[in-house]
2 protein chains.
Amino acid sequence: METVLRSRSKTVTIGAEQPFCIIGERINPTGRKAFAQQLRDGDVSTVTADALAQVQAGADMLDVNAGIPLVDEPELLKSMLRAAQDAVDVPICIDSSVIEALEAGLSVYDGRALVNSVTAEDERLDEILPLVAHHGAAVIALANDETGIPETPQQRLELARKIVTAAGDHGIAAADVVIDPLAMTVGADTEAVTTTLKTISLIRDELGVNMCLGASNVSFGLPQRHVLNAAFLPMAMAAGLTSAIMSTAPVCVEAVRASDLLLGHDAWGASWIAAHRARQAAEAQAQEAAAAR
Amino acid sequence: METVLRSRSKTVTIGAEQPFCIIGERINPTGRKAFAQQLRDGDVSTVTADALAQVQAGADMLDVNAGIPLVDEPELLKSMLRAAQDAVDVPICIDSSVIEALEAGLSVYDGRALVNSVTAEDERLDEILPLVAHHGAAVIALANDETGIPETPQQRLELARKIVTAAGDHGIAAADVVIDPLAMTVGADTEAVTTTLKTISLIRDELGVNMCLGASNVSFGLPQRHVLNAAFLPMAMAAGLTSAIMSTAPVCVEAVRASDLLLGHDAWGASWIAAHRARQAAEAQAQEAAAAR
């Protein structure tokens, strides 16, 4: 199954036979005080800078979130989306828990967006799926409901199945539902990652839909988070994860591209070798420039 | 199942509930011309240096191989093992395809060694298993036979099963047979790694024995091998691999220790956090020393 997203002029396809889709996590004010204050003051320059930096670092898509307490989130999300779309030409994941913000975001988005997110809660499904269908978008769907996050992979699968069925009832194809199998920190529960990995392979085997998760969650509260995230991603990819909202730190992007090659999604290493040569050329150029000084 | 190896005074346990066992690959003259020449000249100083460096870098065990064409391999392996045992106190994987060399190696080894390796070939089983049994050692067993390396995971499982049965006939417990599920370069076959991963999980589910492979094989002929190896190891560990003969480059060792934590084999991250603090302390000390100069 393939989920097709579009920006102004570019298409990104998420799928089990495609290279992994890296969705940059950075344009999100949660836990970024200075950025949140800038946004409150109407300054979206960091959105522009973060969009450019993440695409430069290897992001295939960008997540954009405007979740700041007591702001006019629909208006802020619109201005952030405009800034991101002006800066880069990659599809965007419009990220909000507020239905009016998702609606506002979709109204200014040029292309086919990924809406982030719906859950298996009936009320959320009834609110958000019609909006997704109306805009012809795709949607990330979290495998939790009003009772919280299920403990077992089997329970998460059942919620995923419920969402795919509900989406179908609204005319949304299973290919346009991207399930979030839910990643939590291993710092609070030693079984957290194994449960997530089992959920991923179960959903792959039973539903065959695309999946996306917040990869950085697994390392929350632990030191050297990038190294932990970079070890988690290959495991999740081997289990069947097809995209992630994640850091574009070099160690994480390299782990993903290496895994693409290892899992046979970069035939004969063409992309891997091209990236290596580009890096060598850039280094040689930098050395020449330094020598000429 | 747990495979227990011993050096003079240290014990290492390989097992599914244990931290992954890192076996340093470096003490091997294959592809190391200068080292091979030193060994021919009777100079084992590089063995000492490599043993120290790999244990310092995080190796739990060391592989020692004396495979140089036209040398007296039994004698050379003995002197290399003596040098390694004098330098470090970790269990050793005695690595040779020559039965007399394995015999000589076992005769000078102080502890409980891992013999590397037997295959599913009848002749090899008949030669090597009595030796392993006589010395009370454990053995790495490659899942291939006289017809070569099987293509499918199911075929590799059957060879692994044959070896475990043959070992039992010689009084060697299944816990002392460490199966090599065979890793080949993804540069020659895009399916190579997925086949290896499926073999690992199949052997884990069906036989439950420990497994060890030459992790660096997956990246043979490709650029940035350490990064590829570091992405492969978390996948293989999540599938059930319990040890590897591998590079002790920091990116590889970190990927393994991160995966231990993610897979619940480093409860609450105790080892991960301790390693992080030790690194911070060392950095602070280095800075102080630099400032005092």
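Predicted model: local features only at pLDDT ≥ 70, side-chain atom pairs only at ≥ 80, totals over all residues.
1. Helices are DSSP runs of H or I with at least four residues, and strands are runs of E with at least two, numbered from the N terminus.

2. Which residues meet? From H8(A) come A:Val227, A:Leu228, A:Ala231, A:Phe232 and A:Met235, and they meet B:Glu254, B:Ala255, B:Ala258, B:Ser259, B:Leu261 and B:Leu262 of H9(B); contact means heavy atoms within 4.5 Å. These residues divide into nine nonpolar, one polar and one charged.

3. Now for chain A as a whole, which has 10 helices and 10 strands. Its radius of gyration, taken over C-alpha atoms, is 19 Å, close to the 19 Å from the globule rule for 293 residues, so chain A is as compact as a globular protein of that length. The rule is 2.2 Å times the number of residues to the power 0.38.

4. Of the 293 residues of chain A, 56% count as buried, that is, under 20% relative accessible area with a 1.4 Å probe, protein chains only.

5. A word on conventions: residues are numbered from 1 along each chain as its sequence is written, and chains are lettered from A in the order in which they are written. Local features need pLDDT of at least 70, side-chain atom pairs count only at pLDDT 80 or more, and totals for chains, interfaces and linings use all residues, while side-chain values use heavy atoms, leaving out hydrogens and water.

Note on methods
Nonpolar A, V, L, I, M, F, W, Y, C, P; charged D, E, K, R; others polar. Buried < 20%, exposed > 50% of the residue type's maximum accessible area, 1.4 Å probe, protein only.
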